[in-house]
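Thanks for coming. I will go through a few local features of this one, a helix to begin with and then a sheet.

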Amino acid sequence: MSLISGWGRFPKAECKIVSARTQADVEAAIATAALIARGNGRAYGDAAMNRGQTLAMTGMDRMLSFEDGVLVAEAGVLLADIIHTLLPRGWFPMVTPGTKYVSLGGAIAADVHGKNHHLDGSFRSCVDWVDVMGPDGTVTRATPGDDLFDWTLGGMGLTGVILRAQIRLRKVETMYIAQETRALTSLQDTLDAFAETQDAPYSVAWIDCSDGPHHGHTLLLLGRHATLEDLPSRWRPFDVRQKRKLPVPFGAPPFLFRGLWLRALTGIYWRRGAKRAGHALVDWDSYFYPLDALSNWNRLYGRNGFLQFQCALPEEASAAGLAELMDTIAASQTGSVLSVLKRFGSQSGHFSFPMPGYTLALDFPASERSLELMSRLDEITLAHGGRFYLAKDARMPEAVAKADPRAKAYAAMRKQAGLTDRFTSMQSERLGL
Amino acid sequence: MSGPVLILGAASGIARAVARSFAEAGHPIQLAARNSARLEEDAADLRTRYGVEVTLHDFDALTLDSHAAFVEGLPVLPEVAVCAVGAMGEQAQSEADPQAAAHVMRSNFEGPASVLAHLANAMEARGSGSIVGISSVAGDRGRASNYVYGSAKAGFTAFLSGLRNRLAKKGVHVVTVLPGFVRTAMLDGMDTPGPLTAEPAEVGAAVLKAVEKQKNVIYTRPIWGVVMAVIRNIPEPVFKKTSL
């Protein structure tokens, strides 16, 4: 038994870890007991934890073939590996979340989204097929259009064990991003700016929720892949060296995440960003994965860990819903140092998280106070027809998850297909999936 | 240098990491293991990632009389031969059943020493090459919890030391690698202290560096050198009362 947790370090549990290096290992594990597959442990909560059997997939990390931007790889390979191997050849993932340390299987299971969702959709839009091992050990190759494909992409590993997949990458001329930063001072200004910049390939906003929607200082970052012409003459287009990661030696004192201290911190961040507003060339790593530079930034919140809250709100309810969420957070004077606001475009799939509209991601130190606040945020989200991101969830009650009618349909499908007694996680049990 | 690298016992987690490190440095790779067909995916991985040539070879460490033919049958005598063959076994089983103990000893000492002897002779005749033996810190001192495995590794460590001594003037270099805990399937179910536990990739990088710099004996995490120095120097009357 090993004491493990998700990336948020909450909750922690003693789980039996079994390593898979081959398909036969996976088959043997499924035959032994109920399990959940675990990639690199980057889901924040308990989505990849099962006390009885947690199947570690990072040993299945082979890249099987690559040609013309089409990669076949095993589920345990990390996005970081793919980038370090293929970016020097001019290829970059079509869709990437905010960390490169997610495994391919994890990206598929959570159907992750990136800063380009409004144009390119979620991870599923670059997946050609995925091999899934079912409860009896048979492997099915699911392709877009199959029910199994639609439930697996966003299904949190509960349709079977994802073994390998074929994905398409994007041809890029350089490893740089041409970035434009805009400094804004309220939620309304931010939403207007998002609407006006629909065509920007990448967009994301860092928003200060501690001050309420009318003073929600925001840095809107727009980006596109830089071409050779964009580069100063002496720059090389690809220079993919591993940067040294800085460790976080200890957690910051909890008072920093409250009241005036928090407002001071976020204020400094905004002013610093606003001063540098305008155009810049940024390398892929700093643009897409700023937090990965700290090898264990999840320690920042101290030993109790932290909780993430990420909801999506439908287009028509976004402005009102976001304003209410921000008001509530500001009034609580707790948590979210930096919140991330993104625009979502259209989305398909049976159980994927995104919906056309906006998504707000927040983090809070794990505490009673935060849990109470998050319950209020749940209510506001549901009242506006929103939904929640399971890859970041560690604490939602079943009733909240089941308010999404798709959750009931998923649970019913799982039961009918005989998946519920083979593929379970602490999260699936908590949410009754 | 960019000659071929032979990996014996190529199915293990450490072996895969070692193969990747050498392939990344541009070496063609020869993967050898029992039923080598199951290494197709590893070969595909090395080709896809690093664009190097990879060949597969059937090899059974326990069948000593096949080793001469195995070495002769390689398409080309490798520049570097890495032996990652080994089996931890279970101490309790080894205690109860001397046959099981013999299997552990043969897998960790007799088999590896036999195949490396053939390779050493061929490299000596050629006048160049490097031999890497993956041994274990468990061989530094016998402990109640795994002395059967430890004793075999101790034998292997001594064998490598002697081989190095013999071949030093013949242009063939021998590296002894002593990994401590490495996060592979072997450690499933064991909680090991973080600072003492290496990732397989770390071991791969350490082996490549040791070959390039002609190191003699390396602990893949230097802290193990200190830990084992302490353990080796505990006086026997005290040591026999401990449970390490």
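Let me start with what helix α12 of chain A sits against. Its buried residues pack against α5 (147-152), β19 (387-388), α11 (398-402) and α13 (426-431) of chain A. Please keep in mind that this is a predicted model.

Which residues of α12(A) are buried? They are Arg406(A), Ala407(A), Tyr410(A), Ala411(A), Met413(A) and Arg414(A). Around the axis they cover an arc of only 165°, so they lie on the same side of α12(A). On the other side of the helix, Pro405(A), Lys408(A), Lys415(A) and Gln416(A) are exposed.

Just after the helix comes Gly418(A), with a positive phi of about 70°.

Cys126(A) is in the loop between α4 (117-120) and β9 (127-133). Is this cysteine, Cys126(A), buried or exposed? Its relative accessible area is 1%, and since buried means under 20%, Cys126(A) counts as buried. Setting aside residues up to four places away in sequence, Cys126(A) touches Met94(A), Gln166(A), Ile167(A) and Arg168(A). Of that list, take Arg168(A): 42 residues separate it from Cys126(A) in sequence, yet the two C-alpha atoms are 5.1 Å apart in space.

Now chain B, and its sheet. Seven strands form an open sheet in the order β3-β2-β1-β4-β5-β6-β9, with parallel pairing. At the edges stand β3 (54-58) and β9 (217-219) of chain B; each has a single partner strand, so one side of each has no neighbour in the sheet. From one strand to the next, the twist averages 20°.

Within that sheet, β4 (80-83) and β5 (129-134) of chain B pair in the parallel sense over four bridges. Ala81(B), for instance, has Ile131(B) in β5(B) as its bridge partner. Helix α7 (200-212) of chain B lies across β4, β5, β6 (172-178) and β9 of chain B, and runs at about 145° to β5(B).

With 2% relative accessibility, Gln30(B) counts as buried. Beyond four places in sequence, its contacts include Val5(B), Ile7(B), Thr55(B), His57(B), Leu74(B) and Val76(B).

That is where I stop; questions are welcome.

Methods
Residues are numbered from 1 along each chain as its sequence is written. Chains are lettered from A and ligands numbered from 1 in the order in which they are written. This is a predicted model: local features need pLDDT of at least 70, side-chain atom pairs count only at pLDDT 80 or more; totals for chains, interfaces and linings use all residues. Side-chain values use heavy atoms; hydrogens and water are left out. Buried means under 20% relative accessible area, exposed over 50%, partly exposed in between (1.4 Å probe, protein chains only). Contact means heavy atoms within 4.5 Å. Helices (H or I, at least four residues) and strands (E, at least two) are DSSP runs, numbered from the N terminus. The arc is that of the directions from the helix axis to the C-beta atoms. Two strands pair if DSSP finds at least two bridges between them. Axes are lines fitted to C-alpha atoms, for helices over the stretch in contact, and angles run from 0 to 180 degrees between N-to-C directions.
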